[in-house]
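Colleague: Could you walk me through reading the charged contacts and the sheet in a model like this?

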Amino acid sequence: MLRTEADRCPGVLAVHEAADGGLARVRVPGGLLSVQQFDVLRQASAELGDGRLELTSRGNVQVRGLSADGPRELSERLYDAGLLPSITHERVRNILASPLSGLDGQSLYDVLPVAAAVDERLCARPRLADLPGRFLFALDDGRGDLAEVRADVAIRAVDDREGLLSLGERGVRVSWSDTAEVMVAAAEAFLDERAAQEWRITELQDGENRILDRLGLRTTEELPAATTTIEAGRHGATALVVTVPLGSLGQEQAAVVADAAEEIRITPWRSLALRVNTDPTDRLEEVGLVTKPDSPWNGVTACAGQPGCAKALADVRADARRVTPRLPRHGRPMHWSGCERRCGKPAGEFVDVLAVGNGYVIDGERMGQR
């Protein structure tokens with residue numbers, strides 16, 4: 001491998017030892033889970049971890065509080081459920097897709113099958129196991145909901161024939177039949193061009209042009225500026241977006257979700273997009289989940305904080321739970337961080353709530369003791 005420092009991004013096999021036990025990150029390419037797979041994760045968390053499912057800003061799931069022998073049992077369960085198709089590539093399967101793609105009638109093109117094809121090709125190429133765990137693919141169905149996620153290799157639907165491939169500031173049109181192959185080829189070109197220290201294409205000097213040169217491509221268009229925010233609530237006849245406060249899903253909540261949904265998609269905003277045939281909003285709200293766009297919980301996220309993280313200076317989740325219900329809905333996302341690393345912060349602009357030991361700094365302004 002070409003790394004001068006260890007790639008510390010956690011996975012299922014490379015578990016991070018946090019203050020509250022082992023932390024395993026389960027990659028969910030495209031965010032798509034069957035109800036059965038979701039229930040495997042729920043039961044594994046209850047029996048092997050702390051009982052909660054943590055949703056991440058890359059549409060993945062984390063299980064915390066694992067004991068020393070927990071990762072082995074977890075990996076066996078995930079393998080049996082089809083959630084661990086590659087041992088060697090499990091940490092590099094970072095593939096986002098528009099969560100409502102093909103579900104609400106608003107997609108210019110359904111990108112979920114393309115996301116699955118990217119995953120298949122990624123896992124089939126041994127060398128791509130050397131990709132950094134931070135390297136990210138994104139497939140936007142044309143609505144612009146993933147425009148701010150800052151993926152290394154992204155495609156945004158133009159119509160049902162082409163997408164706009166981008167590695168940086170500009171894009172080049174690629175047919176959908178070629179998209180999966182081109183995206184994976186771009187990842188291989190990144191490995192060809194990188195030295196030991198680069199983790200993302202943006203860290204590679206003139207990386208966009210160098211990689212496109214290897215692919216024989218030239219950018220032709222500016223990227224669309226318009227973006228779309230996916231809010232809690234109904235979207236079309238069969239889609240329901242549910243906000244999970246602070247992205248932490250308890251056992252009762254997860255059980256209600258599994259019972260209500262026919263299909264579950266994890267979003268990069270720590271929410272769930274459910275395919276439903278009935279209206280389960282009352283049941284979901286009863287267990288503390290959010291199904292309305294005007295809730296103050298929409299857009300509020302937090303890192304693990306104390307006691308789960310040894311570096312955190314405060315129990316940011318407890319403080320967020322105390323404060324958030326009293327706040328009006330804010331125009332920007334809000335992220336609570338226990339230290340300067342700001343783990344899990346959202347893409348784009350956000351209200352920065354940073355613990356400093358004896359209080360918080362909010363957007364650079366000290367707010368005094370908690």
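**Charged pairs and a sheet**

Modeller: Let's start with Asp192, which counts as partly exposed because its relative accessibility is 37% (buried is under 20% relative accessible area, exposed over 50%, partly exposed in between, with a 1.4 Å probe and protein chains only). Arg127, at 38%, is also partly exposed. Salt bridges with shared partners tie Arg127, Asp192, Glu193, Arg210 and Arg214 into one network.

Modeller: Before going on, this is a predicted model, where local features need pLDDT of at least 70, side-chain atom pairs count only at pLDDT 80 or more, and totals for chains, interfaces and linings use all residues. Residues are numbered from 1 along each chain as its sequence is written, and side-chain values use heavy atoms, leaving out hydrogens and water.

Colleague: What is a salt bridge here, and how many does a search of the whole structure find?

Modeller: A side-chain nitrogen of Lys or Arg within 4 Å of a carboxyl oxygen of Asp or Glu. The search finds 33. One of them is Arg127 with Asp192, at 2.8 Å from N to O.

Colleague: Which residue forms a salt bridge with Glu181?

Modeller: Arg125, with the closest N and O atoms 2.4 Å apart. Arg125 also forms a salt bridge with Glu188, at 3.0 Å.

Colleague: And the sheet: how do strands pair?

Modeller: Through backbone hydrogen bonds, either parallel or antiparallel. Here 5 strands form an open antiparallel sheet, ordered E1-E2-E5-E4-E14. Strands are DSSP runs (E, at least two residues), numbered from the N terminus, and two of them pair if DSSP finds at least two bridges between them. E4 and E5 pair over 3 bridges, with Leu55 opposite Val61 in E5.

Note on methods: Helix = DSSP H or I, 4+ residues; strand = E, 2+ residues; numbered from the N terminus.
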